[in-house]
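Hi everyone, thanks for making time for this. I'd like to walk you through one protein, and please have the sequence and the 3D view open as we go.

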Amino acid sequence: MESKSVKRYLIVKTILVTGGFLGKIFVEKILRVQPNVKKLYLLLRAKDCESANQRFNYELSWAPLLKDLSRIDDNGLQKSNILAEKIKQQLEAGEFLNAFDTWNQTEAVISNSSNYVNFYDFTEDNGSHINTMSTTKKRLFNEISMRRYSNYITSTVGNDDMKILYTLLNGAIKEKLKIIPRNLTWQPVLQYVLENFKGDFMKPRISEVDELLALGVNVTIYNGQVDLICSTKGTEAWVKKLKWSGLQNFLSQDRTPLYCGSERKTKGFFKSYENLSFYWILDAGHNVPIYQPCIALNMVGAITQSPAA
C-alpha cells in the first residue's frame, strides 16, 4: 500500500496497539505521519522486550520472588543478584548489547538454581531442560531464550490452535486491516527479529510511557499472577518510577475485584485513574488469554469501549 493511502486510511481511525517491538515503532510512526488519528489505545503488558529500566526491575524481582516461593536458595539468590548488578552498570554505561547478553546469563542462572522453572508460569517446570551456561557458547544465548518461549507457546496453545491462529491472522485479520503488505506473513516466534533488535532490547522506554500519558493516550498495563519473565513485582516497580503527573492519584486508588459472569470467584483486580489502567490477573501466566479468557475478553472490550463488553 502506498504511503499516501496509508495516511488517508488512518484519518479518524481508532487503533488498538498491543505492544512488542513493532508495536512501539508503530505508535511512533502513527503519531508522526498521521496526527489526525481519532484514538490510539496502547495495551502495554510489560513483557520481555520492554525498556531497560523496566527490564532491570524484572531481573531484580526474579530471584527474590523465587526465593520466597522456595524455588531457589540463598546461593541462587546471590548469583542472580551479582548479574543484576552487572546489568545495572552496563545500562548506566550505555552497553546495551552487553546488558542483553548478561540478561540471558541471568535467565540461565535462574534456570539452573530452580531446576528449570518455567519463566512464563512459575508454578510449572520448563518443558525442555537445556544445559547450563557452562556448556553453552555465548552465540547460543538468544536461541536458548527463543526456544524456551517457543516451547511455552506450543505447550499452552498447542500446534493445532497455533495453525488456527496463523490462518486467522494471515487471512481474515490481514484482509480486514488492509494495510499489511501481501508479502508479509505473521509468525509466532522468529529468531532473526530478536537478533536484529538486540541493540534496542534493553534501552530505556519509561520516558515514552510518560510521554504517551501526557498526550492523553490511554495506556493499559496487565500482568498474569504467575508470570516470572514479566513479574507483577517488577511491573509495579517500574510503574512507580513514572513521572506522570497523575501517578500518585493512581497509586492511591483502591483496586476493584474482577469476576466473570455469575461466578463470584475473584479472577483479578483492576485500578484506573484518568488514562492509566492496571489489571492484575489471578491464576494466569504470561499468555493471560489462555489462562483467563473471560477476563481477557472483558479487558479488551473495556479498552476498546466495545458495545459487547
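So, let's begin with the overall build: the protein has 14 helices and six strands. Helices here are DSSP runs of H or I with at least four residues, strands are runs of E with at least two, and both are numbered from the N terminus. Before I go on, a word on the source: this is a predicted model, where local features need pLDDT of at least 70, side-chain atom pairs count only at pLDDT 80 or more, and totals for chains, interfaces and linings use all residues. Residues are numbered from 1 along each chain as its sequence is written, and side-chain values use heavy atoms, with hydrogens and water left out.

How much of the protein is buried? Of the 309 residues, 44% are buried. Buried means under 20% relative accessible area, exposed means over 50%, and partly exposed is in between, with a 1.4 Å probe and protein chains only. The protein exposes about 16,300 Å², and carbon and sulfur atoms supply 52% of that. Those areas come from the Shrake-Rupley method with a 1.4 Å probe, and for residues only the protein chains shown count as cover.

Now contacts, meaning heavy atoms within 4.5 Å. If we take contacts between residues at least 6 apart in sequence, 66% of them join residues at least 24 apart.

You'll find K271 in strand β5, residues 263-273. Is this lysine buried or exposed? K271 is buried, at 10% relative accessible area. Setting aside neighbours within four places in sequence, K271 touches F250, L251, Q253, D254, R255, L276, S277, F278 and W280. From that list, D254 sits 17 residues from K271 in sequence, and the two C-alpha atoms are 6.8 Å apart in space. As for L251, the K271 side chain reaches its backbone oxygen at 3.2 Å. That is a polar contact, a pair of N or O atoms within 3.5 Å; within protein, one must be able to donate a hydrogen and the other to accept it, and residues adjacent in sequence count only if both atoms are side-chain atoms.

On to the cysteines. How many disulfides does a search of the whole structure find? The search finds one, where a disulfide is a pair of cysteine sulfur atoms within 2.5 Å. The partners are C260 and C294, with 2.2 Å from S to S. C260 belongs to strand β4 (residues 256-260) and C294 to helix α14 (residues 293-303), so the bond ties together parts that are 34 residues apart in sequence. The torsion about the S-S bond of C260 and C294 is about -115°, so this disulfide is left-handed. C260 is buried at 9% relative accessible area, while C294 is partly exposed at 34%. Another cysteine, C230, is buried with a relative accessible area of 0%.

Next, the charged pairs. The whole structure has six salt bridges, each being a side-chain nitrogen of Lys or Arg within 4 Å of a carboxyl oxygen of Asp or Glu. Let me show you a few of them. K67 pairs with D74, with the closest N and O atoms 3.4 Å apart, and K67 is partly exposed at 29%. K203 meets D200 at 3.3 Å, N to O; K203 is partly exposed at 30%, and D200 is partly exposed at 29%. Then there is E208 with R205, at 2.9 Å between the closest N and O atoms. In that pair, E208 is partly exposed at 33%, whereas R205 is buried at 18%.

Let's finish with backbone angles. Most residues other than glycine have a negative phi. Which residues here have a positive phi without being glycine? One of them is N115, with phi near 60°, and another is D283, at about 55°. N115 is in the loop between α5 (96-113) and α6 (141-157), and D283 is in the loop between β6 (276-281) and α13 (288-291). N115 is partly exposed at 46% relative accessibility, and D283 is partly exposed at 45%.

That's my tour, and I'm happy to go back to any part of it.
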